[in-house]
Amino acid sequence: MIHTTTTIHVARPPAEVFVYVSDFENNPRWQGGMVEARFVTDPPLRIGSRYEQVARFLGRDIVSTFEVVELEPGRLVKATTVESTFPITFTRIVEPDGPGSTVTAIVEGDASGIFRLAEPLLRRKVQRSLDADYARLAELLVA
């Protein structure tokens, strides 16, 4: 099992940050390796909402369908794969931090098949990617 966490400060109000990070169609704008993401359920975002994404990771396309399994509007969204070659669950938490926000991301994955053999390397790669993605998110939201 892979478990990674990162926390960043964003100089934007929490409500604005949450709207952005909970609209998964924004993911390709700030997540490296993300090719596309699109909702397959109608708005508004709710428990049970689904989106599909295509990501490129370690030279492979990973096609996944995610479902929102926990939602605290304005604060927390958690989604897990319902179809994927690399099952993961992610949580995004946005909290007030002075005039800005603190964003915490938690990613948990199940390294199986060929990925299981490279789990220690994979864990480091996921952590580096997560740190870089959220640093890019902070820069994007304050630009």
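## Terms and basis of the model

A residue is called buried when its relative accessible area is under 20%, exposed when that area is over 50%, and partly exposed in between, using a 1.4 Å probe and protein chains only. Helices (H or I, at least four residues) and strands (E, at least two) are DSSP runs, numbered from the N terminus.

This is a predicted model, in which local features need pLDDT of at least 70 and side-chain atom pairs count only at pLDDT 80 or more, while totals for chains, interfaces and linings use all residues. Residues are numbered from 1 along each chain as its sequence is written, and side-chain values use heavy atoms, with hydrogens and water left out.

## Helix α1

Helix α1 comprises residues 14-21, and its buried residues are Val 17, Phe 18, Tyr 20 and Val 21. These residues lie on the same side of α1, because they cover an arc of only 160° around the axis; the arc is that of the directions from the helix axis to the C-beta atoms. The face turned away from this buried side carries the exposed residues Ala 15 and Val 19. An α-helix has 3.6 residues a turn, so residues three or four places apart point the same way.

Two strands are taken to pair if DSSP finds at least two bridges between them. Strand β2 (residues 34-39) runs antiparallel to strand β3 (residues 50-57), and five bridges join them. Within this pairing, Met 34 stands opposite Ala 55 in β3.

Strand β3 is also joined to strand β4 (residues 60-72), by eight bridges and again in an antiparallel arrangement. Phe 57 has Arg 60 in β4 as its bridge partner. The two strands β3 and β4 form a hairpin with two residues between them, and Leu 58 in the turn has a positive phi of about 50°.

## Aromatic pairs

The structure holds seven aromatic pairs. Rings of Phe, Tyr and Trp (its six-membered ring) pair if their centres lie within 6.5 Å; planes under 30 degrees apart count as stacked, over 60 as edge-to-face and the rest as tilted. One of the pairs is formed by Phe 24 and Phe 90, whose ring centres are 5.6 Å apart and whose planes stand at 80°, so the pair is edge-to-face. This pair links distant parts of the chain, 66 residues apart: Phe 24 is in the loop between α1 and α2 (27-30), and Phe 90 is in strand β6 (residues 88-97). Phe 24 counts as buried at 0% relative accessibility, as does Phe 90 at 7%.

The rings of Tyr 51 and Phe 66 have centres 5.1 Å apart and planes at 10°, so this pair is stacked. Tyr 51 lies in strand β3 and Phe 66 in strand β4, so the pair ties together parts that are 15 residues apart in sequence. Tyr 51 is buried, with a relative accessible area of 2%, and Phe 66 is buried with a relative accessible area of 2%. Phe 24, Phe 39, Tyr 51, Phe 66 and Phe 90 form one aromatic cluster.

## The loop between β2 and β3

Ser 49 is placed in the loop between β2 and β3 and is buried, with a relative accessible area of 2%. Its side chain reaches the backbone nitrogen of Arg 46 at 2.9 Å. Leaving aside neighbours within four places in sequence, Ser 49 is in contact (heavy atoms within 4.5 Å) with Thr 41, Pro 44, Phe 66, Glu 67 and Val 68.

Pro 44 is likewise found in the loop between β2 and β3. A cis peptide bond, with omega about 0°, joins Pro 43 and Pro 44.

Key
A polar contact is a pair of N or O atoms within 3.5 Å; within protein, one must be able to donate a hydrogen and the other to accept it, and residues adjacent in sequence count only if both atoms are side-chain atoms.
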